[in-house]
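Subject: Structure handover

Hello,

Here is the structure we talked about handing over. Please open it alongside this message.

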Amino acid sequence: MNAIPPTEAQDRPARLTVGVVGAGRVGPALAASLHLAGHRPVAVSGVSDASVRRAAELLPEVPLVPAAEVLARADLVLLTVPDDALADLVSGLAETGAVRPGQLLVHTSGRYGTSVLDPATRAGALPLALHPAMTFTGTSVDVQRLVGCSFGVTAPDELRMAAEALVIEMGGEPVWIAESARPLYHAALAIGANHLVTLVAQSMELLRTAGVEAPGRMLGPLLGAALDNALRSGDDALTGPVARGDAGTVAAHVAELRKHAPQSVAGYLAMARMTADRALAHGLLKPELAEDLLGVLAEVSPGRPPGGPATPDPDGPAPGPDQDGPDASGDGPTGGRR
């Protein structure tokens, strides 16, 4: 199961009893990984049929009980619910007296640090934020993927060693994230992982429309090489018509997308502008070609027919892409959604 053979759980004493509140994709996998490290899962809560199945597969013979009962049985409790439900869950558990002094409470949200656990901390709990930078399937393969996975770690100074030790026991690599930097950290992961899935899925759809029967087979080597190059070289890995300044090709792309997939035009334009800006800033795109390219992108913006004059807007120019950033509560690595 785990790529690094752990010491068998029965060969050493269980150090902590582990509970899971929210048997989504993340919680059972983390608990199963902690079990391999010698800890003992004792309780899990879940409501949906999918949650019950995941708990049965990854945590066999661990009883399914209400959330308050999970806290009553466990020394270490994993709170693996959706980001938007976390604060209310913590407040409710604290208000009902379910939190025990000295109990380790661990949430896996990328968005939050430990401040979201303040109601439980005031009740005596020990707060940890451990966010695995990984996308989860809800199956046993997730336990294997934790080996070598980075975790965004936030904890009080006195608990930092304990937090990092738990991550290492799961085969992960702890990376310290300041409380104030958690939203930006999670936004960065959402751009890289969640948006990547959207782009790949859209590319596959367009290839099918173009008559490619196995788009995944075509994209696999290309995307693998592009990802490897990007991780190694950053912006220097940029290629393609935008980075080259092929304005005519970009205009043809947009014309075809308007015809066959109009819902994808706005995304293409936003990414093309961002790519052009980065290529220009890194000296990959010649300024004279950038001028022609950006002119084409302006001409084919929403409200302007390709090659035609701008449609007057009495309220001024249309706003550009949303500058508020992505919704940091996305799945996956992303992660970390339940």
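This is a predicted model: local features need pLDDT of at least 70, side-chain atom pairs count only at pLDDT 80 or more; totals for chains, interfaces and linings use all residues.

Strand E5 (residues 126-132) deserves a look. Six of its seven residues are buried, so the strand counts as mostly covered, buried being under 20% relative accessible area. How does E5 pair with strand E4 (residues 104-107)? The two are parallel, with four bridges. His107 has Ala129 of E5 as its bridge partner. Towards strand E6 (residues 150-154) the sense is antiparallel, again over four bridges. There, Pro132 has Phe151 of E6 as its bridge partner. His131 stands opposite Gly152 in E6. As background, strands of a sheet pair through backbone hydrogen bonds, either parallel or antiparallel.

Helix H2

Next, helix H2 (49-58). Which residues of H2 are buried? They are Ser51, Arg54, Ala55 and Leu58. Seen down the axis of H2, these buried residues fall within an arc of 100°, so they line one face of the helix. The face turned away from that buried side carries exposed residues: Asp49, Arg53 and Ala56. The general rule is that an α-helix has 3.6 residues a turn, so residues three or four places apart point the same way.

Glu61

Please check the backbone at Glu61. Its phi is positive, at about 70°, although Glu61 is not a glycine. Glu61 sits in the loop between H2 and helix H3 (67-73). Is Glu61 buried or exposed? Glu61 is exposed, with a relative accessible area of 83%.

The cavity

Now the empty space. Rolling a probe the size of a water molecule over the atoms shows where such space is left. The structure holds one cavity of 30 Å³ or more. The volume of the largest cavity is about 40 Å³. Its lining consists of Leu30, Leu34, Leu76, Leu78, Val106, Leu130, Leu166 and Met170. Two elements give two or more residues to this lining: helix H1 (27-36) and strand E3 (76-79). By class, the lining has eight nonpolar residues, with no polar and no charged ones.

The second largest pocket

One pocket is also on the list. The second largest pocket has a volume of about 160 Å³. How many residues line the second largest pocket? The count is 11, and Ala32, His35, Leu58, Leu59 and Pro60 lie nearest its centre. H1 and H2 are the elements that give two or more residues to the lining of this pocket. H1 gives the most, with three residues. By class, the lining of the second largest pocket has eight nonpolar, one polar and two charged residues.

Leu58 links two of these topics. Leu58 is among the buried residues of H2, and Leu58 is also one of the residues nearest the centre of the second largest pocket.

Best wishes

Note on methods: Residues are numbered from 1 along each chain as its sequence is written. Side-chain values use heavy atoms; hydrogens and water are left out. On a 1 Å grid over the protein atoms alone, a cavity is a set of points where a 1.4 Å probe fits but cannot get out, and a pocket is an open set with protein on both sides within 12 Å along at least five of seven lines; lining residues have an atom within 4 Å of a point. Grid points are joined across faces, edges and corners, and a volume is the space filled by probe spheres set on the points. Ala, Val, Leu, Ile, Met, Phe, Trp, Tyr, Cys and Pro count as nonpolar, Asp, Glu, Lys and Arg as charged, and the others, Gly among them, as polar. Buried means under 20% relative accessible area, exposed over 50%, partly exposed in between (1.4 Å probe, protein chains only). Two strands pair if DSSP finds at least two bridges between them. The arc is that of the directions from the helix axis to the C-beta atoms.
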